[in-house]
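Welcome, and thanks for taking a look at this one with me. Have the sequence and the 3D view open side by side, and we can go through a few points together.

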Amino acid sequence: MFHDFHLKKYMRSIDYNIYLVIFVFIGLLCLFFTHALTNALPYIIGSAMFLYGPFHIVIGRIERVHYDMGRCLLFMILGGMILFQGNNALGVMGTIWALISLNNIAEDFNDMYPHDFSFIECVEIIISTVLALMLLWEPYHHFIFHVRVLGVEMIINALLRYKHNKRSG
């Protein structure tokens with residue numbers, strides 16, 4: 001199965017200090033400019049999804065690795081629809097976000113099962129599931145809350161990655 005190999009590869013190549021600054025900056029934007037960012041998100045996310053397909057197709061062909069043409073086309077179609085709908089697409093974006101989150105939770109659970117679960121992993125799965133279900137239940141209503149949660153998550157992720165890098169390097 002195709003798992004954003006190219007994007008993850010390029011993200012790993014980013015200098016940790018640049019990663020820290022970018023993720024903390026985006027996290028702060030999510031926290032302090034939530035409404036303005038939410039109004040811009042259909043255009044940001046729509047453009048990113050629309051460009052996802054061609055990016056993976058070109059990189060896949062250049063590097064002669066497997067890419068999922070169906071997923072590339074799906075992202076291009078969804079991205080185009082989100083761009084066309086603009087702010088009216090927030091409900092759809094919330095639903096897509098919830099479904100992607102639930103899929104990631106299922107993959108994380110499969111990676112852990114049948115191994116021993118840690119308490120923190122169980123709590124993370126429960127919290128992530130509740131948040132995804134909230135977003136799925138009322139995608140438009142919970143969207144702004146989820147943008148704020150994303151901001152906190154990005155800042156914590158960057159700080160944990162920075163702390164890990166400092167310890168190991």
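Which residues does histidine 146 touch, not counting residues up to four places away in sequence? Here is the answer, followed by some further points.

1. Histidine 146 touches Trp97, Leu131, Ala132, Met134 and Leu135 once residues up to four places away in sequence are set aside; contact here means heavy atoms within 4.5 Å. Histidine 146 sits in helix H7, and with a relative accessibility of 6% it counts as buried. For these labels, buried means under 20% relative accessible area, exposed means over 50%, and partly exposed is in between, using a 1.4 Å probe and protein chains only. The side chain of histidine 146 also reaches the backbone oxygen of histidine 142 at 3.0 Å.

2. A word on what you are viewing: this is a predicted model, in which local features need pLDDT of at least 70, side-chain atom pairs count only at pLDDT 80 or more, and totals for chains, interfaces and linings use all residues. Residues are numbered from 1 along each chain as its sequence is written, and side-chain values use heavy atoms, with hydrogens and water left out.

3. Now the overall picture. The chain has seven helices and zero strands, giving the pattern α-α-α-α-α-α-α along the sequence. Helices (H or I, at least four residues) and strands (E, at least two) are DSSP runs, numbered from the N terminus. Of the 169 residues, 29% count as buried. Among contacts with a separation of 6 or more, 75% come from residues 24 or more positions apart. The accessible surface of the chain is about 11200 Å², and 69% of it belongs to carbon and sulfur atoms; such areas come from the Shrake-Rupley method with a 1.4 Å probe, and for residues only the protein chains shown count as cover.

4. How many aromatic pairs does the structure hold? There are two aromatic pairs. In one, the rings of tyrosine 52 and phenylalanine 75 have centres 4.3 Å apart and planes at 25 degrees, so this pair is stacked. The pair links distant parts of the chain, with tyrosine 52 in helix H3 and phenylalanine 75 in helix H4 (residues 69-85), 23 residues apart. Tyrosine 52 and phenylalanine 75 are both buried.

5. Tryptophan 97 and phenylalanine 143 form an edge-to-face aromatic pair, at 5.5 Å centre to centre and with 75 degrees between the planes. This pair also links distant parts of the chain: tryptophan 97 belongs to helix H5 (residues 90-112) and phenylalanine 143 to helix H7 (residues 143-168), 46 residues apart. Tryptophan 97 is partly exposed because its relative accessibility is 24%, whereas phenylalanine 143, at 2%, counts as buried. As for the terms, rings of Phe, Tyr and Trp (its six-membered ring) pair if their centres lie within 6.5 Å; planes under 30 degrees apart count as stacked, over 60 as edge-to-face and the rest as tilted.

6. Please look at threonine 34 in helix H3 (residues 34-63) too. Is threonine 34 buried or exposed? Its relative accessibility is 2%, so threonine 34 counts as buried. A polar atom of the threonine 34 side chain lies 3.3 Å from the backbone oxygen of leucine 31. Leaving out residues up to four places away in sequence, threonine 34 touches Leu29, Ile144, Val147 and Arg148.

7. Isoleucine 45, in helix H3, has its C-alpha atom 7.1 Å from that of glycine 79, 34 residues apart along the chain. Leucine 133, in helix H6 (residues 119-137), is partly exposed with a relative accessible area of 44%, and its C-alpha atom is 8.8 Å from that of leucine 99. Alanine 89 lies in the loop between H4 and H5 and is buried at 0% relative accessibility. From alanine 89 to proline 42, C-alpha to C-alpha, it is 6.7 Å in space and 47 residues in sequence.

Conventions:
Polar contact = N/O pair within 3.5 Å; in protein donor to acceptor, adjacent residues only side chain to side chain.
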